[in-house]
Amino acid sequence: MDKVKVKILFVCTGNTCRSPMAEFMFKEYLKEKKCGGNFSVSSAGLYAERGAVLSDGADKALEALGVKHTMRKARMLTVQMCNDADVIIAVTNEHARACGEGAYSFERFTGRPVLDPYGGSLRVYLDCAAQMRSAFDGIYDVCADVYDKKTNARKC
């Protein structure tokens with residue numbers, strides 16, 4: 001029997017800065033909690049450009065934070081991705097509305113949208129990362145609740 005996993009999808013505009021940073025950082029967060037195997041984490045963008053890669057600023061910020069990551073290509077959000085995801089976390093309320101009913105926004109957890117750091121300094125990217133990271137405990141609680149419902153037993 002396949003192990004039950006909660007599928008978590010982070011969404012931003014172009015899938016080159018905020019959502020991939022959130023994806024890679026949340027994977028590290030789950031490893032620290034020793035329950036990464038219960039979750040599958042990915043990201044996509046509402047208007048992702050085919051062939052675009054992680055922005056230089058996002059790459060440098062993740063390196064500075066010691067977060068393991070790849071230079072994978074941006075993915076355009078699809079209806080199928082939204083249907084397959086158990087939890088969708090968008091960078092703003094507007095992005096969450098575009099993802100459909102049930103999508104969450106970082107604003108729910110931090111009280112403000114995650115502003116686009118594209119083209120900003122390393123400090124701008126690190127501030128963006130810190131804001132997203134500050135929401136991870138709340139996001140984890142939502143994901144753990146979904147896991148509990150899928151399995152009828154809390155594992156993390």
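Predicted model: local features only at pLDDT ≥ 70, side-chain atom pairs only at ≥ 80, totals over all residues.
Two strands are said to pair if DSSP finds at least two bridges between them.

Strands of a sheet pair through backbone hydrogen bonds, either parallel or antiparallel.

Next, select F10. On one side F10 stands opposite S43 in β2, while its bridge partner in β3 is I89. The surrounding pairings can be traced from here: seven bridges join β1 to β2 in parallel, and four bridges link β1 and β3 in the parallel sense.

Stay with β3 and show its side chains. Both faces of this strand are covered, with V87 and I89 buried on one side and I88 and A90 buried on the other.

**The nonpolar cores**

Select F10, F26, F39, F106 and I139. Among the 38 residues of the largest nonpolar core, these five touch the most other members. At least two residues of this core come from each of β1 (6-12), α1 (18-32), β2 (39-45), α2 (56-65), β3 (87-90), α6 (122-134) and α7 (136-151). In soluble globular proteins, nonpolar side chains tend to be buried together.

Centre the view on F26. Leaving aside residues up to four places away in sequence, F26 touches I8, F10, V41, F136, I139 and Y140.

**Helix α2 and its end**

Select α2 and colour G57, A58, D59, A61 and L62, which are buried. The elements that cover the buried residues of this helix include α1 and α6. Moving past the end of α2, select G66, which follows the helix and has a positive phi, near 75°.

α1 and α6 each supply at least two of the lining residues. By class, the lining has eight nonpolar, one polar and three charged residues.

For the second largest pocket, select C12, T13, G14, N15, T16, C17, R18, A52, V53, S55, D116 and Y118, which line it. Its volume is about 150 Å³. This lining contains five nonpolar, five polar and two charged residues.

Most residues other than glycine have a negative phi, and most peptide bonds are trans.

N15 lies in the loop between β1 and α1, and its phi is positive, near 60°. Is N15 buried or exposed? The cut-off for buried is under 20% relative accessible area; N15 has 0% relative accessibility and therefore counts as buried.

Finally, select K34, in the loop between α1 and β2. The phi of K34 is also positive, near 60°. In contrast to N15, at 0%, K34 has a relative accessible area of 75% and is exposed.

Terms used
Residues numbered from 1 in each chain as written. Heavy atoms only, no water. Core = buried A, V, L, I, M, F, W, Y, C linked by side-chain atoms within 4.5 Å. Buried < 20%, exposed > 50% of the residue type's maximum accessible area, 1.4 Å probe, protein only. Contact = heavy atoms within 4.5 Å. Nonpolar A, V, L, I, M, F, W, Y, C, P; charged D, E, K, R; others polar. 1 Å grid on protein atoms, 1.4 Å probe; cavity = no way out; pocket = protein on both sides within 12 Å on 5 of 7 lines; lining within 4 Å. Points joined across faces, edges and corners; volume = space filled by probe spheres on them.
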